[in-house]
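Here are my notes for your first look at this protein. Keep the viewer open and find each part as we come to it.

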Amino acid sequence: MPTTRTLPFALPLALPLALAVVGTLATAAPAAPAAPASTVAQQSRASQCRGQGVDASARIRYHSDVVIKAPLSTVWKLQTDVERWPSWQPPVLSAQRLDTGRLLKGSRFRWTTPAPATPTTPATTLEITSTVRQLRREACLLWSGPAIGQGLRVDEGVHLWTFTEVRGGVRVHTEETWTGDQVEADVPTATAALGAGLEAWLHDLKTTAEHRRG
């Protein structure tokens, strides 16, 4: 495996593991302000899937919400039909299930996304292998895994999604944490990159689900 080098995250690299929208964002979303430890612990308890959530000790984290005016079944199908991600998320170059059938706890999938060159890292394609840690149908989904490219690595990303029916649609909540020496070398800009990716994913999910509603 290539030796990784410190990555300057002040670039359009947005790698939510589960969606790395690298190279497609002209600017990164502002990083969420650092929360006190008590607040982080409270959020971790509140946002879970079958009792599990993101890494409470991770230094890099971001969360966001959106209301999608579409049926819950539509939103859920888009999110869990992994092999069709490239059809509505341009940054996903490929997506492959490593097992068959409905997405379940223990399911695994591998997907790729491009990362642009920087002054200290080459252009590369990141390969992300994700494992579903928890799942409750049409309610929540939690997966985790590493992202590895030539000269670029996130050791572990943990990504949580929750889906709640509200008046007129579905509230989608997402949050993710990253760990690894390379990304932790610059926490504020890594957090901004993560936030940009999550916001882009929510935007694409909302746009696609609402378009398919009828």
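1. Start with the pairing of strand β6 (residues 152–166) and strand β7 (residues 169–179): they run antiparallel, joined by 11 bridges. To see one of those bridges, find Thr164 and look across to Arg171 in β7, its partner. The two strands make a hairpin with two residues between them, and Gly168 in the turn has a positive phi of about 90 degrees.

2. Before going further, remember that this is a predicted model. The protein has a mean pLDDT of 81, with 74% of the residues at 70 or more. Where is confidence lowest, and where is it highest? The lowest mean, 44, belongs to helix α1 (residues 37–46), while strand β2 (residues 94–97) has the highest, at 98.

3. Now step back from β6 to the strand on its other pairing. Strand β5 (residues 140–149) and β6 are antiparallel too, with nine bridges between them. Here Trp143 stands opposite His159 in β6. The β5 and β6 hairpin has two residues between the strands, and Gly151 takes a positive phi near 80 degrees.

4. Trp143 is a handy landmark, as it turns up again in the next pairing: it is the bridge partner in β5 of Val132. Seven bridges join β5 to β4, and these strands run antiparallel. Their hairpin has three residues between the strands, and Glu138 is the one with a positive phi, near 55 degrees.

5. Keep walking back along the chain. Strand β4 (residues 124–136) also pairs with strand β3 (residues 108–115), in the antiparallel sense and over eight bridges. Two places to look are Thr113, whose bridge partner in β4 is Leu126, and Ala115, which stands opposite Thr124. β3 in turn is joined to β2 by four bridges, again antiparallel, and there Gln96 has Arg110 as its partner in β3.

6. How many disulfides does a search of the whole structure find? There is one, and it joins Cys49 to Cys140 with an S to S distance of 2.2 Å. The link is right-handed, with 65 degrees about the S-S bond. Cys49 sits in the loop between α1 and β1 (60–68) and Cys140 in strand β5, so the pair ties together parts that are 91 residues apart in sequence. If the term is new to you, a disulfide is a covalent bond between the sulfur atoms of two cysteines.

7. Last, have a look at the second largest pocket, which holds about 260 Å³ of space. It is lined by 14 residues, and those closest to its centre are Thr80, Asp81, Arg102, Leu103 and Arg137. Which element gives the most to this lining? Helix α2 (residues 72–80) does, with four residues. By type, the lining has seven charged residues, five nonpolar and two polar.

Key
Residues numbered from 1 in each chain as written. Predicted model: local features only at pLDDT ≥ 70, side-chain atom pairs only at ≥ 80, totals over all residues. Heavy atoms only, no water. 1 Å grid on protein atoms, 1.4 Å probe; cavity = no way out; pocket = protein on both sides within 12 Å on 5 of 7 lines; lining within 4 Å. Points joined across faces, edges and corners; volume = space filled by probe spheres on them. Nonpolar A, V, L, I, M, F, W, Y, C, P; charged D, E, K, R; others polar. pLDDT = per-residue confidence, 0-100. Pairing = 2+ DSSP bridges. Disulfide = S-S within 2.5 Å.
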